[in-house]
Amino acid sequence: LEGAKANDEKVKPPPPPPPAATFFPRRSAPRRSVFAASGRLHMSRREILSFDPAADFPASGGDAAGWPYSAADFGRLDGSDDARFYAEPKFVQHVDDRAVESLVEYYREEMEEARVAKGGPPDVLDVCSSWTSHFPPATADAPTLGRVAGLGLNAAELQKNDRLTERHVRDLNAPDGADLSDLFSDASFDVVAMSLSVDYLIRPLDVFRELARVLRPGGRLLVTFSDRCFPTKAVAAWLSSDDVGRLAMVATYLHVAVGEWEEIVAWDIKLPPLESPQRPGMRELMKDPALGLAWAAANAAAARTRGGDPLYCVRGIKEEDGGGKLGRG
């Protein structure tokens, strides 16, 4: 694809063909939105699907018999070493501005909930991290974070990320690359976030088992994605699915990897579009012609928030009493 040749910008792959007889978990009806601890309605999330780990999958949680995918589903057009593909830093945003704003606002709400639940700053693992984590900036009105560990492929990108308190270069697709026991002990983090990268995992079960292991009981695993990707590096099953199918894929990753989830929910986390500003009247424009330019710029900015890149999250909440079952012993 044309946009992938420079290896620095994600593109939208072609629409998938009609799906064959592929496994999808049953999907419960969306539940009513909840309120944040502050009493403010969640503006950055709208539930699309909820998955009942006890009823919506063909096997119990953590049972590999429920794995519906074959090795071919995780084939890629470019099977070369990912460390080589990401050797040059990519200091670009991989989704549009409104999607970036949405991701920051969504993380703000999740981090604040995690802070309230813990009674203190949450410790966070940023998986597949880069030069930006999309976490809210460290300002007075942002949730205070504790330890923020970044796990990524490019040292220069990680070094530029000022939200990280520690940085680790690791290729999760390398043989044994998903084994994080040399870096993190069991139950180390209150939040584990993976942004815009799940589509590249060729051993997702290994990765999600480790992410569940390092997550504390009651902690939240947040997996966000859009419909942009490096198509030569995304796995075949991802490219051949639509957005709903991808939500089901990620939910399946969580469920089959471990059976320790209190809930698995899929969200649409794209912020609503901005309203177009009212156009100045002729009398106002005659008095101040600059109002016309200001209105045009504001109207164009509002228009850019309509459409654009979608943004989704699959969130798993780890069971409060499940922390002892995932350790390496």
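## Basis of the model

Ala, Val, Leu, Ile, Met, Phe, Trp, Tyr, Cys and Pro count as nonpolar, Asp, Glu, Lys and Arg as charged, and the others, Gly among them, as polar. The model is predicted, with local features needing pLDDT of at least 70 and side-chain atom pairs pLDDT 80 or more, whereas totals for chains, interfaces and linings use all residues. Residues are numbered from 1 along each chain as its sequence is written, and side-chain values use heavy atoms, with hydrogens and water left out.

## The cavity

A search of the whole structure finds 1 cavity of 30 Å³ or more (a set of points on a 1 Å grid over the protein atoms alone where a 1.4 Å probe fits but cannot get out).

Strands β2 (124-129) and β3 (148-152) each supply at least two lining residues, strands being DSSP runs of E with at least two residues, and the largest share, 4 residues, comes from β2.

## Packing of α4 and α6

Helices α4 (residues 204-214) and α6 (residues 243-257) pack at an angle of about 65°, their axes 9 Å apart (helices are H or I runs of at least four residues; axes are fitted to C-alpha atoms over the stretch in contact, and angles run from 0 to 180 degrees between N-to-C directions). The two helices are therefore roughly perpendicular, a term for angles of 65 to 115 degrees.

The contact (heavy atoms within 4.5 Å) joins Pro204, Leu205, Phe208 and Arg209 of α4 to Tyr253, Leu254, Val256 and Ala257 of α6, and has 7 nonpolar, no polar and 1 charged residues.

## Thr232

Thr232 lies in the loop between β6 (215-225) and α5 (236-239). Apart from neighbours within four places in sequence, Thr232 is in contact with Arg76, Leu77, Asp78 and Phe85.

Methods. Parallel < 35°, antiparallel > 145°, perpendicular 65-115°, else oblique. 1 Å grid on protein atoms, 1.4 Å probe; cavity = no way out; pocket = protein on both sides within 12 Å on 5 of 7 lines; lining within 4 Å. Points joined across faces, edges and corners; volume = space filled by probe spheres on them.
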